[in-house]
Amino acid sequence: MSRPGRSARLDTISTMHILLRLLLACAASLSSLAAAAPLRVVTSDIPPLAIANSPARPGALVDLVREMARRAEVEIQVEYVPWKRALFLVSTVPNTAIFPITRTPEREKVYRWLVPLHYERFVFIAEEGKTDVRNIAALKNKRIAILRGSVQMENLKRQGFTKLLETTTVQGGVRLVRTGIADAVFGDQDIISGTAHVFFPDMRYAISDPLVTTETWLGGSTDVSDAVASRLQAAMKGIVKDGTYARVLRSYGLKPPQ
């Protein structure tokens, strides 16, 4: 059997070099496309912070995030999905962000913490005259609706709440209270009262004092770059400084932090 000649070996090496250059070019092209893709921002239907199917008034935090992205020259695409799915997407899909999310030690390394947006006051809300939401000790034996995926789920369990009813939406939690399946719903005061106002306008409800008050964030997947994070943070400082932040919150009936 004859061996390949020098010319044939050179042709093979040349072909390999060409293929390698093509592969490197494709990889660079894909990287550029990924970098140019809009930042996917996921949230849920949680009026008045985020309001699905309402282009004219999409929610206070949606307005703020969009304005922040505009000033930072970061292209974004906002999507409304169930909260549990939103958490799944930001932890598994590159170039994704989520709001409003609570920052905790357990979550610290799971997300890229981009910008603090607002604050959350976690309260119990029940129909007026049916459940005493001021009696926290008694509530531990009551049926409490809570949003699936909420970081406060474990907090309530640690405090002795044993009858927790998970819901896929805040609206579902308020509905459980309205129909008598749950005695109270637990979550952010602005979100629960806003949802009740939209979907159950005739419902009269009582609100407990805040059990927990925390800052809420725009969080991202861990691959979000330092450059994007820095631009968003600088844009938020400008939004606060020129009064846009307070003006947007007030337009949705929310009180800016002092």
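I took contact to mean heavy atoms within 4.5 Å. The model is predicted, so I kept local features to pLDDT of at least 70 and side-chain atom pairs to pLDDT 80 or more, while totals for chains, interfaces and linings use all residues. Residues are numbered from 1 along each chain as its sequence is written, and side-chain values use heavy atoms, with hydrogens and water left out.

**Entry: R178**

I began with R178, which lies in helix α6. Helices (H or I, at least four residues) and strands (E, at least two) are DSSP runs, numbered from the N terminus. Leaving aside neighbours within four places in sequence, I found R178 in contact with E127, F200, D202 and M203. The side chains of R178 and D202 are joined by a polar contact of 3.1 Å. For a polar contact I required a pair of N or O atoms within 3.5 Å; within protein, one must be able to donate a hydrogen and the other to accept it, and residues adjacent in sequence count only if both atoms are side-chain atoms. R178 and F200 are 22 residues apart in sequence, and their C-alpha atoms are 8.5 Å apart.

Is R178 buried, partly exposed or exposed? R178 counts as partly exposed because its relative accessibility is 30%. Buried means under 20% relative accessible area, exposed over 50%, and partly exposed in between (1.4 Å probe, protein chains only).

**Entry: rest of α6**

I listed the buried residues of α6 as V170, G172, G173, V174, L176 and V177. They pack against β4, β5, β6 (164-167), β7 and α7. Just after α6, G180 has a positive phi of about 85 degrees.

**Entry: cavities**

I counted two cavities of 30 Å³ or more. A cavity here is a set of points, on a 1 Å grid over the protein atoms alone, where a 1.4 Å probe fits but cannot get out; lining residues have an atom within 4 Å of a point. Grid points are joined across faces, edges and corners, and a volume is the space filled by probe spheres set on the points.

The largest cavity has a volume of about 300 Å³. I found 23 residues in its lining, with E120, F122, L147, S150 and I191 nearest its centre. Which element gives the most to this lining? That is β7, with four residues.

**Entry: cores**

For a nonpolar core I used a set of buried Ala, Val, Leu, Ile, Met, Phe, Trp, Tyr and Cys residues joined through side-chain atoms within 4.5 Å. The largest has 59 residues, and M68, F99, L117, L218 and L232 touch the most other members. Its largest share, seven residues, comes from helix α2 (residues 60-72). A second, separate core has 14 residues, including A126, L156, L164 and A184.

I also looked up E67, which lies in α2. Its side chain makes a polar contact of 2.7 Å with that of R70.

**Entry: α3**

In helix α3 (residues 83-92) I found W83, A86, L87, L89 and V90 buried. Seen down the axis, these buried residues fall within an arc of 165 degrees, so they line one face of the helix. The arc is that of the directions from the helix axis to the C-beta atoms. Their cover includes β1 (39-43), β3 (96-102), β5 (144-147) and β9 (212-220).

**Entry: whole chain**

I noted nine helices and nine strands. Buried residues make up 45% of the 258 residues.

Notes
1 Å grid on protein atoms, 1.4 Å probe; cavity = no way out; pocket = protein on both sides within 12 Å on 5 of 7 lines; lining within 4 Å.
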